[in-house]
Amino acid sequence: MTGRMTRPVLAACLTVLVLLALVPLLESNYLIDLFNEIMIYALFALSLNVIIGYSGNVSFGHAAYFAIGGYTMAILLTTYEWPLLPAFAAAVAFSFACSAVVAYFCTRLTDIYFAMLTLAFSMLVWGVAFKWRLMTGGDDGFVGVDVPAFIAERVPFYYFSLVVIATAVAVLWVICHSAFGRALLAVRENPVRAGFVGINTRLMRWWAFVVAGTFAGIAGALFAMVHRGMYTESAFWPESATVLIMTLLGGMYSFFGPAIGAASLFLLERLTNEYTEYWPLVLGTILLAILMFLPEGLAGLAQAVRRQILRGR
Amino acid sequence: MLKIEGLFKQFGGFVAIDDVSFELLEGEKHAIIGPNGAGKTTFFNLVTGHLLPDRGSVAFQGEDITGRPPHRIVKLGLARSFQRINIYPRMSVFENVQVALIARERQELRFFRLAAGLCGPETNELLELVGLDEEADELAGELAYGKQKQLELAIALAENPRVLLLDEPTAGMSPSETEEAIRLIREIADARGLTLLFTEHDMTVVFGIADRITVLHHGEIIASGAPEAVRSDPVVRQVYLGEEEAANGAA
């Protein structure tokens, strides 16, 4: 999370990108869908980490902005028959606007009060999705999203998704490593001191929230398209918890940690389901293990191992 | 430079600062001393915007700054360091200072300007000034105590202040570290033409740096003037130095 993108990190990113681009060559619909889902959740978790890892606040309601992006996309594409680009832009803009308003209230508070308020707002969003049947389909979900023909097939959509997500992650990386990102870290580390060097800490936390909400909206919009639908579950609090677990599992003190967490959690879930139906039990154990033994997640573990090796030389 | 009038602050029923009026002149090195609990830190917190006074006003270079938040006061050129270590522990030493420069240059909302190398030369200059250039890449939280105090000073200096408030700059330091710190502070203040206001416990530090001393006792100013005058002031001797001697005697 310090400094510039080092050569090994850049190399690793390019390798992952190439490998992801090669996935459709395996000609497995199962794998294409799985990796598309992983990419979407990786972006979702990375966006959440702007609030958690970079600004030092825990959000229990990040699913709200994912759902707002998703429902907006679904409704504009299908009900109002908007073309792809304007619909996408509007979905992102609406996520931006909603998180801007919510952030105004949430950033007045810190710690548990902040977390609870994010949860409350997300339940509000869920309530709207659940009750506004005419627009959102209510608890039946919004079924049958019209995806433009040129990306309607599985493989073209996968590449569309890959390009959008890779771009979004790159932009997010720059934001997190910018002057803004550096100042945000100072706010996380020591808000009092940050104030005394001239940083408006509340404004910084507001921006962190808005950046996070906007990128979650992008992930949500893609989710609505890949599933050809949007469901109230995506706005419900367990969804916020899932993405929070991904972030913690991967490691909140590393930029790419949450993406690693998203991939690990998905693969682990699929793998576990091959052998047993007790996934929640496994999930609980994993969560316990992270909190007790790996407070910095998998990325933190990797860094510790690397330091050990370097020290041993 | 800094003009404080009728400052008053109480916590619950406890009066921490009782109607204090005070003026800091340009270029002076002014110490505020007083026994534990005299209100020194509270006084600093009121001046720098960390706490709101119940009554009274604070003016900086003729501008009323009472009740303004710290991040706005600091931009006017009034910086401070803290008695207890107040740094960014999980960031590198370099980044600790760099962030202050980013804030000073109002770059903190530049989303697409990479931070790596930003304000690099000046950051390194400041680190060199306080003798931390070799520790630039270490995590600030892993530094030795004395070095963290130096880092604290570098952060405050990065704001390029005209007035620097130091809250017990040598608290917790060993005698040799203290000596080094005094030398450094005096040097920097002279080189940069800083106006200095500091609280201190250690009388060698006070008489080593200050050219004016104000004594605070139970939230009130009981004496103010040149070091020699304050040292020989009977009320001060009784209230402050007397307590010190008594404490030394007991120890």
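Tutor: Start with chain B, which has nine helices and 10 strands. The model is predicted, so every value here is computed from predicted coordinates.

The sheet comes next. Six strands of chain B make an open sheet, in the order S6-S7-S8-S3-S9-S10, and the pairing is mixed. Strand S6 (78-81) and strand S10 (220-225) of chain B stand at the edges. Each has a single partner strand, so one side of each is left without a neighbour in the sheet. On average, neighbouring strands of this sheet are turned by 15° against each other, direction ignored. Strands of a sheet pair through backbone hydrogen bonds, either parallel or antiparallel.

Strand S9 (residues 212-217) of chain B and S10(B) run antiparallel, joined by five bridges. Ile213(B) stands opposite Gly225(B) in S10(B).

Now the helices on the sheet. Helix H1 (residues 40-47) of chain B packs on the sheet. H1 touches strand S3 (29-33), S6, strand S7 (163-167), strand S8 (195-199) and S9 of chain B. The direction of H1 makes about 145° with that of S7(B). Helix H5 (residues 145-158) of chain B also packs on the sheet, touching S6 and S7 of chain B. The direction of this H5 makes about 170° with that of S6(B).

Other strands of chain B pair too. Strand S1 (residues 2-11) of chain B and strand S4 (residues 55-60) of chain B run antiparallel, with five bridges between them. There, Phe8(B) has Arg55(B) in S4(B) as its bridge partner. S4(B) also pairs with strand S5 (residues 63-64) of chain B, over two bridges and in the antiparallel sense. Phe60(B) stands opposite Glu63(B) in S5(B). S4(B) and S5(B) form a hairpin with two residues between them. In the turn, Gln61(B) has a positive phi of about 50°.

Step back to chain B as a whole. A compact globule of 251 residues would have a radius of gyration near 18 Å; chain B has 18 Å, which agrees. Along the principal axes, the C-alpha atoms of chain B fill a box of roughly 60 × 40 × 35 Å. Of the 251 residues, 43% count as buried. Among contacts in chain B between residues at least 6 apart in sequence, 66% join residues at least 24 apart.

Then the partner, chain A. The secondary structure of chain A comes to 14 helices and two strands. For 313 residues, a compact globule would have a radius of gyration near 20 Å; chain A has 19 Å, which agrees. The C-alpha trace of chain A spans about 55 × 45 × 35 Å along its principal axes. Buried residues make up 48% of the 313 residues in chain A. In chain A, residues 24 or more positions apart account for 77% of the contacts with a separation of 6 or more.

Helix H4 (residues 84-106) of chain A has 23 residues, which at 1.5 Å a residue should span 33 Å; its end C-alpha atoms are 32 Å apart, which agrees. Buried residues of H4(A) include Phe88(A), Val92(A), Ser95(A), Ser99(A) and Val102(A). An α-helix has 3.6 residues a turn, so residues three or four places apart point the same way. What covers the buried residues of H4(A) includes H3, H5 and H10 of chain A.

Helix H11 (residues 237-250) of chain A has 14 residues and should span 20 Å at 1.5 Å a residue; its end C-alpha atoms are 20 Å apart, which agrees. Among the buried residues of H11(A) are Glu239(A), Val243(A), Met246(A) and Gly250(A). Their cover includes helix H2 (29-54), helix H12 (257-275) and helix H14 (297-312) of chain A. Gly251(A) follows H11(A), and its phi is positive, near 120°.

Finally, the contact between the chains. It takes 26 residues from chain A and 34 residues from chain B. On the side of chain A that touches chain B, helix H7 (154-176), helix H8 (179-189), helix H9 (191-196) and helix H10 (201-226) of chain A each supply at least two residues. H8(A) gives the most to that side, with eight residues. The residues of that side divide into 13 nonpolar, nine polar and four charged.

How values were computed
Residues numbered from 1 in each chain as written. Chains lettered and ligands numbered in written order. Predicted model: local features only at pLDDT ≥ 70, side-chain atom pairs only at ≥ 80, totals over all residues. Contact = placed C-beta atoms within 7 Å. Helix = DSSP H or I, 4+ residues; strand = E, 2+ residues; numbered from the N terminus. Nonpolar A, V, L, I, M, F, W, Y, C, P; charged D, E, K, R; others polar. Rg over C-alpha atoms; globule rule 2.2 N^0.38 Å. Buried ≥ 20, exposed ≤ 12 C-beta atoms within 10 Å, placed from the backbone. Expected span 1.5 Å × (residues − 1). Pairing = 2+ DSSP bridges. Axes fitted to C-alpha atoms, helices over the stretch in contact; angles between N-to-C directions.
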